[in-house]
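Here are some questions and answers for a first look at a protein model. Please keep the sequence and the structure in view while reading.

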Amino acid sequence: MVGKEVILSKEGYKELEERLNYLKDEKRHEVALKIKAAREFGDLSENAEYDEAKQEQGFIEGEIREIEYKLKNALIFDDNTKSKGVVSLGSKVKVYDTDFDEEVEYVIVGSEEVDLDNNKISNESPIGSALLGKKVGEIAKVQVPDGVVDLKILEVN
C-alpha cells in the first residue's frame, strides 16, 4: 500500500522527529516502569493502575506508529524555492476580508501543521486552497456555507 504524502515544513518535520524520539526514549520507559509497579500490586484482573498503564502504552505505541508513517511519507517543502509574491506553501499572506471589513494574516501550511490559534491554515482548507497561486492585488473567492467570501491579497511573504 502506497502512503499518502504528508506535507511538512522543515520545522514541522524536525518537531515530529523530536516527538518520536521522546516517545521512544523516555515515554516508553516511563510507562514500562508504571506497568512493572502495577504488577506488584497483585491480581491483574482488578488492578486499575495496571489497566491504565497498559492503555497508556497502547496510546503511545499508536502515536509512535502514526509519527513514523508521517515521517516516512513526508514531502518537505522548502521556503527558499517558493515564487516571490505568489501564495504557496509556507507563505505568510495578509488579506482584506471584504465581508468583515478586516485584515487577516494567514500562514499556508500542510494539514499536519495546522494551528488555528496562530492563523496557520492548511493548503487543503477552503481559504488555503483559494489563496494558493494568487498574487498581491488579486481577489480569492472562498466558498463558505453562507455563500462566497472575497479575500483581497494585500501582502505575500
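Q: Leaving aside its neighbours within four places in sequence, which residues is Gly-110 in contact with?
A: The model is a predicted one. Gly-110 is in the loop between β4 (102-109) and β5 (120-122). Once neighbours within four places in sequence are left aside, its contacts are Ile-7, Phe-77, Leu-89, Ser-122 and Asn-123.

Q: Is Gly-110 buried or exposed?
A: Buried means under 20% relative accessible area. The relative accessible area of Gly-110 is 0%, so Gly-110 is buried.

Q: How many Å apart in space are Gly-110 and Leu-8, C-alpha to C-alpha?
A: In sequence, 102 residues separate Gly-110 and Leu-8. In space, their C-alpha to C-alpha distance is 5.7 Å.

Q: Which backbone nitrogen does the side chain of Ser-91 reach?
A: Ser-91 is placed in the loop between β2 (74-77) and β3 (92-97). Ser-91 is buried, with a relative accessible area of 1%. At 2.9 Å, its side chain reaches the backbone nitrogen of Ser-88.

Q: What span does helix α2 reach from its first C-alpha to its last?
A: Helix α2 covers residues 48-72, which is 25 residues. At 1.5 Å a residue, 36 Å is expected. The span in the model is close to that, at 36 Å.

Q: What covers the buried residues of α2?
A: The buried residues of α2 include Tyr-50, Ala-53, Glu-56 and Leu-71. Their cover includes β1 (6-9), α1 (10-39) and β2.

How values were computed. Residues numbered from 1 in each chain as written. Predicted model: local features only at pLDDT ≥ 70, side-chain atom pairs only at ≥ 80, totals over all residues. Heavy atoms only, no water. Helix = DSSP H or I, 4+ residues; strand = E, 2+ residues; numbered from the N terminus. Buried < 20%, exposed > 50% of the residue type's maximum accessible area, 1.4 Å probe, protein only. Polar contact = N/O pair within 3.5 Å; in protein donor to acceptor, adjacent residues only side chain to side chain. Contact = heavy atoms within 4.5 Å. Expected span 1.5 Å × (residues − 1).
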